[in-house]
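The following note sets out a few numbered points on the structure shown below.

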Amino acid sequence: MARRAAPANATPAFFTAPPRRQIADPNESALSRFIREQITAPEKLPGNISIMTGVSVFAAGIFVARTWGDMLVPA
């Protein structure tokens, strides 16, 4: 069977790495760069809020169970 060429407007079949943003300060520490790029970045904020909501509901459930757990068990 003969091979066919890709269409003229075809894009590569692999994912390319997103372009890295320029560092605002060359003396910035790795921790502050991580906070800026991963935690407070506007494009990652909805996911971070979702994770924080899940963690806080989980922690609140543990707090409630440990504080008032004796009322949940019939005497």
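1. A residue is called buried under 20% relative accessible area, exposed over 50%, and partly exposed in between. Isoleucine 39 has a relative accessibility of 39% and therefore counts as partly exposed. The residue belongs to helix H1, which covers residues 30-39. The model under review is a predicted one.

2. On the overall composition, the chain contains two helices and zero strands. Of its 75 residues, 4% are buried. The accessible surface of the chain amounts to about 7,300 Å², and carbon and sulfur atoms account for 67% of that area.

3. Which residues form a nonpolar patch on the surface? The patch consists of Leu31, Phe34, Ile35 and Ile39, which together contribute about 370 Å² of accessible area. Ile39, discussed above as partly exposed because its relative accessibility is 39%, is thus one of the members of this patch.

4. Helix H1 also contains arginine 36. This residue has a relative accessible area of 23%, so it is classed as partly exposed.

5. Side chains of opposite charge can pair when their charged atoms come close. In this model, arginine 36 forms a salt bridge with glutamate 28, and the closest N and O atoms are 2.9 Å apart. The cut-off for such a bridge is 4 Å between a side-chain nitrogen of Lys or Arg and a carboxyl oxygen of Asp or Glu. By that rule, the count is one salt bridge. The side chains of glutamate 28 and arginine 36 are likewise joined by a polar contact of 2.9 Å.

6. How many aromatic pairs are counted? The count is one aromatic pair. The ring centres of phenylalanine 63 and tryptophan 68 lie 6.1 Å apart with the planes at 85 degrees, so the arrangement is edge-to-face. The angle decides the class, because planes over 60 degrees apart count as edge-to-face.

7. Phenylalanine 63 counts as exposed because its relative accessibility is 52%. Tryptophan 68, at 42% relative accessibility, is therefore partly exposed.

Note on methods. Residues numbered from 1 in each chain as written. Predicted model: local features only at pLDDT ≥ 70, side-chain atom pairs only at ≥ 80, totals over all residues. Heavy atoms only, no water. Patch = residues over 30% accessible without salt bridge, like charges linked within 9 Å, V, L, I, M, F, W, Y side chains within 5 Å. Areas by Shrake-Rupley, 256 points an atom, 1.4 Å probe, with all protein chains shown as cover. Helix = DSSP H or I, 4+ residues; strand = E, 2+ residues; numbered from the N terminus. Buried < 20%, exposed > 50% of the residue type's maximum accessible area, 1.4 Å probe, protein only. Phe/Tyr/Trp six-rings, centres within 6.5 Å; stacked < 30°, edge-to-face > 60°. Polar contact = N/O pair within 3.5 Å; in protein donor to acceptor, adjacent residues only side chain to side chain.
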